[in-house]
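Take a look at the model below. We will go through its charged pairs, its confidence and its helix packing.

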Amino acid sequence: MPTVQKAQRQVAPDALPGVRRTSASSAIAEGAGVAQAKAGQLTALGRIGDEGANVAATIIRREEAENRRVAEEARQRADRLAVIAAETKLADAERAYIYDPEKGVLTRKGKDALSAPDEVEAWYTSTAGDIEKGLTTDAQKAAFAAVKAQRGEQIKMTTARHVGQQIQAYTAAETAASVSNAADLAIANALDPTRAAIELRRGEATIEATSAQLGLTPAQKDQQIQALRGTVHLGVIDRLLANDQTKAASIYFEEANKAGQIPGDKIASVEKALKVGTDRKKAQTETARILAAGGTEAEARAAAKAIEDPEVQDETLRRIEHEFAVKDRQEKDQTEKDLRGVADILDRNPNVSAIPAKVWSELTPAQRSSFRSYAKQITEKGDVETNLPLYYKLSRDAVSADPAVRNAFRDLNLTNHIGALGKTEFKQLTDLQTAIIAGDQKKIAALSDGYLTNQQVVDTAMLGAGMDPTPDPTKEPAKAALIAKFRFEVDRQVGQLGKEKPTNMEIQSIVDGLLVNVVTEKGKASGWGPLPGPYYDVTKRKVELLAEIPARDRAQIEDEIRRLKGRVTNDNILAIWNASRASKKIK
């Protein structure tokens, strides 16, 4: 068998030229890139032909392109994120400056919004510029420039739209105010036709000047002018009539109506007002003529009823009644003044002979009797002893639910009762009468409030005790006097409480104390039957016992209690009175 001899491969220790390099002479060591080094290696290893070399180059180029694509995408993402962040800052700033519900630009109203466009533009330029400074590449700045321009245009449009709306509203408000002022001034100067006409033209000119800006059609503008004219003309006529310028008002109406400037639905009411004004003027003339002729009210009324025109007749009658009512009131006031003068004379010298003869001769018999009683009581007691039934009757009349009764009290000459009313009670009634005449409801309520409360509590308590709170003074004078003293005692004790408005419980306590039964005689025999007895205690209500004490004696007792620094109570008064009677010190 033939033998094939193996060849022994010999490897030289030196590197093959062009195949292996030392580290000192490699592409990387010489500063080449990784890709270049790889290419060198592939070339060295791929000495299998040109096709292998081409494949190696293609691989390297693809890898380099991929690296460049990845790097470019990363750079683009960074640019986009930077622009998005910048736009977010700009949007946040816009929301705070433009849309803030409390301080934003869109909250400005009327003329305050007029400066907004320039202020917004300056703010936007500054704010966007500050944000742009944070961008680092030209690409970021270019992209942000487009965003800034677009958002800036939107903000400008939003601001302009808001300002336009506010200018419209401001113009409408100012126009309305100007027109209203012109109308008011024209009416206020109704007695000066020239000035009134000037103000009316000023209002018309305002409407003309602003109608286009307000977007009014010619028809709408004319409608507003006609409305202004109607308002002014009607106001001028009313003012002329109020100043009794009936003839001037009629002439003004005729001219304005002829020009078609009086609203059609107002013509009838104006004509009626002119008729009333004319009738009023005629009635004034007729009233003056009738009153100048003199005579009684009945004679004046008869003269007025002779007037043919019914409206003028009614107005004249009303005026005559008013004039006589005023005259009566003046005479009553003067009479009261004169009578109070008489009272002042008697206060200084309680003798009717001190009253001038002329004044005395003009007094009625009832007034003379009242002043004689007044002088006598001032002389003997130092003051008038109040006729309590009369005082409480007048007090009830003042606050009666019946208007006729209240009016009778209002017209009553209280001076006629000066001899039956103490100074305190007389002043209370005159103050109440004065408030009623003046129609001062607040003062009437204040003056009558305490009396009404006391009366209600007293009446309820009396009814509960089986007593009639309103006996007829003419049929039961003793009972009426007792009830009046009871009310007076309640009022006196309520006054001693020193409170502006005592409670009902406090008043009730006073009333209950006055109604309590007091034993005046113990164990008195009944007086019937053959044998003594049965026995019973004689009792009286405390108010009855107090009523038995004469006013002068009670005043002396109260003074003595005060002198001894004691308390002025009903129990103390009764105790001293009973002790005094027992010892015969007080007759």
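A salt bridge is a side-chain nitrogen of Lys or Arg within 4 Å of a carboxyl oxygen of Asp or Glu. By this rule the model has 30 salt bridges. One of them joins the side chains of Arg151 and Glu87, at 3.5 Å from N to O. Arg151 sits in helix H4 and Glu87 in helix H2 (residues 50–98), so this pair ties together parts that are 64 residues apart in sequence. Helices here are DSSP runs of H or I with at least four residues, numbered from the N terminus.

This is a predicted model: local features need pLDDT of at least 70, side-chain atom pairs count only at pLDDT 80 or more, and totals for chains, interfaces and linings use all residues. Residues are numbered from 1 along each chain as its sequence is written, and side-chain values use heavy atoms, leaving out hydrogens and water.

How far can we trust each part? pLDDT is the predictor's confidence in each residue, from 0 to 100. The protein chain averages 80, and 85% of the residues score at least 70. Confidence is highest in helix H3 (residues 116–132), with a mean of 91, and lowest in helix H1 (residues 34–45), at 54. A contact means heavy atoms within 4.5 Å. Residues 15–32 also stay under 50, and there the model has 11 contacts beyond four places in sequence. Where pLDDT is low, the predicted coordinates should not be read in detail.

Now the packing. Two packed helices are described by the angle between their axes and the distance between the axes. Axes are lines fitted to C-alpha atoms, for helices over the stretch in contact, and angles run from 0 to 180 degrees between N-to-C directions. Helix H4 (residues 138–188) and helix H5 (residues 193–210) have axes that come within 7 Å and cross at roughly 165°. H4 and H5 are therefore roughly antiparallel, a term for angles over 145 degrees. Residues of H4 that meet H5 include Thr171, Val179 and Leu185. On the H5 side, Arg195, Leu200 and Ile207 are among them.

Helix H6 (residues 218–242) and helix H7 (residues 246–258) form another pair. Their axes come within 8 Å and cross at roughly 165°. H6 and H7 are therefore roughly antiparallel too. In H6, Val232, His233 and Leu240 are among the residues in contact, and in H7 they include Tyr252 and Phe253.

Conventions. Helix = DSSP H or I, 4+ residues; strand = E, 2+ residues; numbered from the N terminus. Parallel < 35°, antiparallel > 145°, perpendicular 65-115°, else oblique.
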